[in-house]
Every structure is written in structure tokens, then in C-alpha cells.
Amino acid sequence: MTNQPIITFENVTKRFGKMVAVDNVSLSVEEGEFFSLLGPSGCGKTTLLRMLAGFETPTEGRILIDGQDISNVPPNKRPVNMVFQSYAVFPHMSVADNVAYGLKVDRTPAAEIKRRVEEALELVQLGGLGDRKPDQLSGGQRQRVALARALIKRPRVLLLDEPLSALDAKLREQMRTELCTLQEKVGITFIMVTHDQDEALALASRCAVMNRGVLKQVATPSDLYEFPNSRFVADFIGSVNLFEGVLAVDEPSHAVIRSPDLPIDIFLDHGVTGPRGGTVWAAIRPEKIELHKKVEGGEPPNLGDAPKGTNAVAGIIRHEAYLGGSSVYEVEIAGGRRVKVHRSNLTRWDQEDFKLGETVWLCWHACSPAVLLS
Ligand code: ATP
């Protein structure tokens, strides 16, 4: 990967009438990245991709490829190619003719077309299936035809619009791995639009999270999960317990959040430099909360990195969803709030078992909560 961005969006806005679909987005994608645009339905991610492909024109701002403004470059002259969610293969053509289509339009010599079609089919593991018609293929194979057809023209950037959404869950998972391997093999920059956060986290080297046309955060999957910059991102990526409160203490070495939803103070082992006395949100991931048995009259457990009386709260188990490798518990605390706790079943046989209606302690480390200011 070089440091030269292959794609740059500069203050790009797209309006449809009064509706702002993309709102002042600035973003760079590096060469060789597997980049994902992620967000709920209607957030503007497809519009952003379509502007890059040239199917829509920005109302304001510029899009650069390799530093060149592409505003006046028609879609078929841009070094990008798009794979759509509905496969978009021609049903009356054989697989080989589907894949060859773009090269034929460009009047590439027949011998070269034949060689490149074979190469492209091998690349997507469809070698030997060139004579079939699309209706003689499975959904996953049809999607691979669409990939081969897009890749055969050797674009600098491949755009993928919800490429796996038409596939069933099992096939989706398999195709995820294949897409990743394919991208590593061809070394082309991939930009994928998806509303499926698991898919984005599993595939992308970096993700951009959008909401209502606005770019909320751009980061690696693990940074998005561990260090979300807003409630929206914390909630959209994975599962989270959000506690609204105020910063009662904010020193360089530690901070305390007081929330009306919790009977205890939340102690943090670092400063926040937030608005003292102002509203903040503590975001605690369900797997960062430990469950412990509560004995009548017993002391709350202390994980050792927070003062006694903080970061341990009593509750009653109200629900368990058993997911095989893990279980998700819903624990009701004083005041009625339900807290989600994710517990690995890896060593369940020698772990304490928890039953519905049982009173437990919920504990977390002083480094676990992320503090969000918006
Ligand atoms: P989805 O996941 O549902 O495809 P998205 O995040 O890709 O959603 P976009 O398709 O980019 O969202 O649409 C963003 C907003 O712009 C939506 O409110 C949509 O209705 C609107 N929009 C998109 N294209 C047009 C159009 N051609 N004319 C009018 N409004 C449009």
C-alpha cells in the first residue's frame, strides 16, 4: 500500500431536490485497500458509490482519482468497475460471453478475449463452466460471474454494491472469505457498500460509517469497535450498553461518570477531557462485563482497578439467549434498566452456571467503558 490516495472525495454533497443524500463528505481511500462504506438504509452510501462510478453527479465538491478531478470523465472512461447486488448477468448469454462482454465492446482481439476470459474464470473458481448459462449456476456462482466480468477489464478500483446480499447466510460467509482472497490475489482497490456490519468488519481493512448523509467515522474495524467516536457508531457497530450521565470527576489520571440509570458511579482509569458536569455517555460492550454469583450479605467483587463501590452492580438475570459458543444475558438492575452481558461458553463446563431469576454481580474494569461526548 502506498500513501498516495487513489480516491479522494472533497467536500462532496449530493442533493435530490431538497433531500440531502450525501452531506459534505471528505474521504480518502488508499491504493490496495479493501474499503467499506457502512450505514443504515438510506444513509447515502450507494449514492456516494454511484458518484464515484459516474452514475450520479455531485451537487457540490469534487471527486479525484489519482489526484485528477473526474467530474467531466464519463462512467465508461473511469478506471472503476461496479458489481451490483442483483448480479446483473445477462441470462441469455453463456458464462464466457457474459465475462467477455466488456472486452468485446472494446473490440479486443478474439484470441486475447479467449485467454483473458479463461484467466478470469479461473480467478473466481469457475474454470470449465464457461459454456453454461447463468440459470444453470448457483447464486454464489452467478455472483462470481459478475465479479469476473467486472475484473476482466482490469479496473484500478472495483466497486461492490451489497455484493453478497442476495445470498443465503451460509453462502454469504463462504463468499466473504472468497472475496477477501480474491482481493489479495488481484491487489485491486475494493470499495464495498453494505448495511451489514459483520460483513464490513470481516472484510474491510477500513470502514466509513455513515448516517443521514453524514460521515460519522472512518477507521479500522477494531478501532470502530473499541474506540467509537459517537453513540451512533457505538450502537451501530456491534452491541453496546449505553449509560447517559455527567462527568462528576475528570482528572488526568481518572474520571467518574454519574448516571441516573445506575445505582453506582462509573470509575474510569483515565481522564476524559470532556465537559465537566455536562452530558456524556458511557458505552460498555456486553462481553466486557463479568457475571459473578451474589451471596446474601456478601461484598461486591472488586476487580482491583477501581475503588470499592464502583464498577460492580447487583442485578437479577431476566433472560438468557444461548448462542452456542456464547450466551447473551439480560440482567435487570435497580431502577429497572436491563444490561446486556455476553459470556463465552468456551469453558462453561467448569464455569458457574447462572439461572433465570438469580441475583448476580455485574463487574467491569476501569478501562472498559468508552466515553462518548455526542
Ligand atoms: P440502501 O442501503 O437502502 O440502499 P443507501 O444508504 O445506499 O440505502 P442511498 O441509496 O444512497 O442510501 O440513498 C440516500 C437517500 O437519497 C435516500 O433517502 C434515497 O431515498 C435518496 N435517493 C437516492 N437516489 C435518489 C434519486 N435518484 N432521487 C431521489 N432521491 C434519491
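The model is predicted, so local features need pLDDT of at least 70 and side-chain atom pairs count only at pLDDT 80 or more, while totals for chains, interfaces and linings use all residues. Residues are numbered from 1 along each chain as its sequence is written, and side-chain values use heavy atoms, with hydrogens and water left out.

Start at the ligand. The residues around it, meaning those with a heavy atom within 4 Å of it, are Phe16, Met19, Ala21, Pro40, Ser41, Gly42, Cys43, Gly44, Lys45, Thr46 and Thr47. This shell divides into 5 nonpolar, 5 polar and 1 charged residues. In this classification Ala, Val, Leu, Ile, Met, Phe, Trp, Tyr, Cys and Pro count as nonpolar, Asp, Glu, Lys and Arg as charged, and the others, Gly among them, as polar. Strand E2 (19-30) and helix H1 (45-53) each supply at least two residues of the shell, and H1 gives the largest share, 3 residues. Helices (H or I, at least four residues) and strands (E, at least two) are DSSP runs, numbered from the N terminus.

A polar side-chain atom of Thr47 lies 2.5 Å from an oxygen atom of the ligand. For an N or O atom in the side chain of Lys45, the distance to a ligand oxygen is 2.7 Å. Cys43 takes part through a polar backbone atom, 2.9 Å from an oxygen atom of the ligand. Taken alone, the ligand exposes 630 Å², and the protein buries 59% of that; these accessible areas come from the Shrake-Rupley method with a 1.4 Å probe.

Next come the open spaces. They are found on a 1 Å grid over the protein atoms alone: a pocket is an open set of points with protein on both sides within 12 Å along at least five of seven lines, a cavity is a set of points where a 1.4 Å probe fits but cannot get out, and lining residues have an atom within 4 Å of a point. Points are joined across faces, edges and corners, and a volume is the space filled by probe spheres set on them.

The largest pocket holds about 710 Å³ of space. Of its 25 lining residues, Asn76, Val80, Asn81, Met82 and Lys153 lie nearest its centre. Strand E6 (80-83), helix H2 (95-105) and helix H4 (139-151) are the elements that give two or more residues to this lining, and E6 gives the most, with 4 residues.

Where does the second largest pocket lie? It lies between domain 1 (5-233) and domain 2 (239-372), because both give residues to its lining; the domain bounds come from an automatic or database domain assignment. This pocket has about 310 Å³ of space. Its lining has 10 nonpolar, 3 polar and 3 charged residues, and the largest share, 3 residues, comes from E20.

A search of the whole structure finds 1 cavity of 30 Å³ or more. The largest cavity has a volume of about 80 Å³ and is lined by 14 residues, of which Pro301, Asn302, Leu303, Thr310 and Asn311 lie nearest its centre.

Key: A polar contact is a pair of N or O atoms within 3.5 Å; within protein, one must be able to donate a hydrogen and the other to accept it, and residues adjacent in sequence count only if both atoms are side-chain atoms.
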